[in-house]
Each structure stands twice: as structure tokens, then as C-alpha cells.
2 protein chains.
Amino acid sequence: MITLPEKTVERLCKYRRVLYNTISAGKQHIFSHELANLLQITPVQVRRDIMLIGYSGTLRKGYDIKDLISLIGNILDTPEGQKAAIIGLGNLGSSILTYFNGKRAKLSIIAAFDIDPQKTNRVFGGVQCYPVDRLEEVIKAQGIRLAILTVPANQSPDIVEVLAMSGVKGIMNFTPKALHVPDNIYLEEYDMVTSMEKVAYFIKQN
Amino acid sequence: MITLPEKTVERLCKYRRVLYNTISAGKQHIFSHELANLLQITPVQVRRDIMLIGYSGTLRKGYDIKDLISLIGNILDTPEGQKAAIIGLGNLGSSILTYFNGKRAKLSIIAAFDIDPQKTNRVFGGVQCYPVDRLEEVIKAQGIRLAILTVPANQSPDIVEVLAMSGVKGIMNFTPKALHVPDNIYLEEYDMVTSMEKVAYFIKQN
DNA sequence: TTTTAATTGTGAAAATGATAACAATGTGAA
DNA sequence: TTCACATTGTTATCATTTTCACAATTAAAA
């Protein structure tokens, strides 16, 4: 399968989410403009994304919701599910942990790490917290490939190195420090402060 | 002043952040390639952004850090500072509140809202928590123009309507539901679950 | 049955964003 | 002083993403 554009992947996640709601509401088919309305985007964009994943709707009936959900699942999910670890169980880290787990069937946080001995070797939100010096061991043993970074900024570079060695292939970086990762690791910078400042700028502009 | 590209604005925020660190370390000038290294981007991009904000460096000396910081400040900040409210003081909401406040001088959360009577009329992280039915009143009175949405998804549409009426001009949406906002409101969708799924997809691909 | 109209699928154009390439310039070395 | 070269500023190019425009099709109405 060819790699889809990043923006299309983001929208596929959102399509799936609203399609679940739609099917619970008893619908079986949906038009591109309906799906577009639910997400505040254009119908063309919906059709183009669906074209890119190689699905076809029925003219005048729209897209079969079940088919679409299952196709998006094939694209986004792995059959066994993907395992993630969260590194840093401070205020932000622990609320992300509880907020996230259970939201997606095929993607879950199964290990946590912290340096604070008060936190390690305990269970938070159903997830075991290990000391950071066991990162490599645990990640390898559990086959974790996705890491969520919520440590204080100054600690992140060292941790990235260990993560890379441990076989992690994707990082969500919640720390405000831009990370340097090897080419084979996919990095998503998720910096709230920057996003807030951006919003503030566009408020100022209007 | 012309409106800058969205991506440039994001980078300006990041430039400023690392420039503060650099100046604390005693440097007075910085080259485009140095700034680029700190953010893991290319020197051309740095030069182009700086060109777009109308600043000029000195050949063979680089950019004056203080000037650059202050120019970026002129662009991003308002002199009085911008005021934000957070709506929904659950797990995620409260950790965002404590995480964010103090990070930026000219941008702060000055009011919180919740429906839970256990939380309202108390102070969290230095910020007063009001009942949601006082949204419009408080936002108008305090001149708040930026809202951070961390309520359960089903409640968000109603709240957006009130926010729009109250004069809010920008929304950071942490809820997983795509919002419908009027044209004159800038919306930043900040959905962690979607971002995680995107990372998972690119892990699967490689 | 024929017509109408709604909807899909997609090539082409436009907009946005990133990179390449290089002329201009002035600093420091010789 | 002159020369070499590091660095900026910017134009042109390339890549990605979104939108436009419209042919093709077929379900439902007449």
C-alpha cells in the first residue's frame, strides 16, 4: 500500500470517529456532503480522500458506512493493536494517560516511566510505572513502538536516544523542546504553548 | 501589517523561545544556521521567515538576538497581554491550566469554568473557577478573547455558541469533536487522539 | 419508458509551503 | 590594501494540499 498524505491520514481518523456515531444512529449510507458537514470540511475533500484509499461509493446512495469504517481500520490499525509508552508521569503525563486509554481499541498505553521513586513500581490508571532506567528493557520486552514524551524539556534529548535504541518508531513530543530524531522515527511535535500563541496571533490580526 | 503564513507564525513562537535561552547563555548574535539547528529545520527557512517579518541581519555577524526577540514580540503579543479562559476543569483541563500558566508573559489563563458545583467558586492554580452559566457575563467583563475547550465532547456545540456571543475570537479545541465556528473566530483543533493515530499509521507504514 | 436531478470520481488549476540556487556584500585574513 | 569566503536576502523551483469544474452515471420522478 502506498503511503497516504499526512493530512489525509488525519482526516481518516476523524471520518472513522464520526462514522461510528452515525452508524449507532441507525444510518447505513452517507453522502460526501454529509460527512463533510460533520467535520466542517468540503465534500470534495471527502471524496478525494476516499478516492485515495481506493474505495468507491454508490452513485446517489453514497458510501456504505460499515465498509468505510472497516477499510479505514485496515489502513490505520494493525491487527494486534499498537502499544505505546508514556515517559514522564507528572501532572500533564498522568492526565494524558487517563484521558487517552480506552479511547481507541487498537492503540493503548501499556507502560509508564518516571524517575520519581514515589511513582515508580506503582500502577496508575491501570498502567504499571517503571523507573526510567528500565526504559530499554521494558520497551523491548513488550514490543512497544510508540512513545509519548511528557518529561521536563531538559531531559528529552537523552531519552530520545534510548528510545531509538529500544526500537521505538514514533514519538509524540509534548515537551516544548524541538527534538532531533533519526530518520526512521516519525516525530509529531505537539506543543500546546506554540499553538496557543498562534491562536493569539490570529486573534490579534483579524 | 500583512498576515503571516500560519507555519511562519508557529516557527516565530519557537524562535523566540530558543532565543531567550540563547541570550541567557550570553550570546548577542546568532546565525541562521545556528537557529536552524536548535529547531531542527533548515537555515533557508529561518532566513525566509525573518525576511517575511521585515528584519535584516548583519552580514557575517548574523541576527541581533535582542532585536529579533523584541520584533517577534511586537508581532505576536499585544501590549496589554491576551487573556484566556479554560472551559472544563476535568483531569485534562486542570493539568493544562497548571502546565500553561506562567509559560508566556503576554498570554495567560485568567478564568476557568465548570458545571460541577464541587469545583465552582473555588480557586485552582491561582485561577477562579466559575459556573458555566456565568460564561458570557465573566468573559465580557474580563475582556477574554481566547477560549480553551476541555469539556466532554457532547457539550461543546452549545458552549461555542455562547463563546461566539461573548466576544471570543479564538478557540483551542481539545475535545475530539470537530467544531463549527463562525468565520470571524480562529479555531485550532488540538486533538491528541487523532495525532496519536496518525503517528501509529506512519509507524505501521515504514 | 424517458427525463430530471443528484451525486460520484477525477483531471486541472490554484494556493500554500519548503527547498535550491546564487548574487550581493562586507568581514577578517594576508 | 586586496583577497577569500562566509553569510545574508531573494528569486525561482519544487512539493504538498486544497479547490474548481465537469463528465459520467444512475436513482427516482414523471
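Leaving aside neighbours within four places in sequence, A:Asp77 is in contact with A:Arg16, A:Lys106 and B:Lys204. This residue of chain A is placed in the loop between helix H4 (65-76) and strand S3 (82-87) of that chain. A:Asp77 counts as buried because its relative accessible area is 17%, which is under the 20% limit for that class. The model described here is predicted.

### Chain A against chain B

The contact between the two chains involves 64 residues from chain A and 64 residues from chain B. About 6300 Å² of area is buried between chain A and chain B, and carbon and sulfur atoms give 65% of that area. Salt bridges between chain A and chain B number 12. One salt bridge joins A:Glu10 to B:Lys198, with 2.6 Å between the closest N and O atoms. Polar contact across the interface of chain A and chain B is found for 36 residue pairs, with both residues at pLDDT 80 or more. On the side of chain A that touches chain B, helix H8 (residues 192-205) of chain A gives the most, with 14 residues. By class, that side of chain A has 33 nonpolar, 15 polar and 16 charged residues.

### DNA strand C

Around DNA strand C there are 24 residues, of which A:Ser32, A:Arg48, A:Gly57, A:Arg60 and B:Leu59 come nearest. Helix H2 (32-39) and H3 of chain A each supply at least two residues of the surface near DNA strand C, as do helix H1 (6-24) and H3 of chain B. Among the atoms of DNA strand C within 4 Å of the protein, sugar or phosphate makes up 58%, and the rest belong to bases.

### DNA strand D

DNA strand D has 25 residues around it, and those that come nearest are A:Leu59, B:Ser32, B:Arg48, B:Gly57 and B:Arg60. Of the atoms of DNA strand D that come within 4 Å of the protein, 59% are accounted for by sugar and phosphate. The surface near DNA strand D comprises 8 nonpolar, 8 polar and 9 charged residues.

### Polar side-chain atoms and the DNA

| Residue | DNA oxygen | Distance |
|---|---|---|
| A:Arg47 | base oxygen, DNA strand C | 2.8 Å |
| A:Arg48 | base oxygen, DNA strand C | 2.7 Å |
| B:Arg48 | base oxygen, DNA strand C | 3.4 Å |
| A:Arg48 | base oxygen, DNA strand D | 3.2 Å |
| B:Arg48 | base oxygen, DNA strand D | 3.1 Å |
| B:Tyr63 | phosphate oxygen, DNA strand D | 2.9 Å |

For DNA strand D, the elements that give two or more residues to the nearby surface are helix H1 (6-24) and helix H3 (43-52) of chain A, together with helix H2 (32-39) and helix H3 (43-52) of chain B.

Key. Residues are numbered from 1 along each chain as its sequence is written. Chains are lettered from A and ligands numbered from 1 in the order in which they are written. This is a predicted model: local features need pLDDT of at least 70, side-chain atom pairs count only at pLDDT 80 or more; totals for chains, interfaces and linings use all residues. Side-chain values use heavy atoms; hydrogens and water are left out. A residue is near a molecule or strand if one of its heavy atoms lies within 4 Å of it. A polar contact is a pair of N or O atoms within 3.5 Å; within protein, one must be able to donate a hydrogen and the other to accept it, and residues adjacent in sequence count only if both atoms are side-chain atoms. Helices (H or I, at least four residues) and strands (E, at least two) are DSSP runs, numbered from the N terminus. Ala, Val, Leu, Ile, Met, Phe, Trp, Tyr, Cys and Pro count as nonpolar, Asp, Glu, Lys and Arg as charged, and the others, Gly among them, as polar. Contact means heavy atoms within 4.5 Å. Buried area is the accessible area (1.4 Å probe) that two parts lose on being put together, summed over both. A salt bridge is a side-chain nitrogen of Lys or Arg within 4 Å of a carboxyl oxygen of Asp or Glu. Buried means under 20% relative accessible area, exposed over 50%, partly exposed in between (1.4 Å probe, protein chains only).
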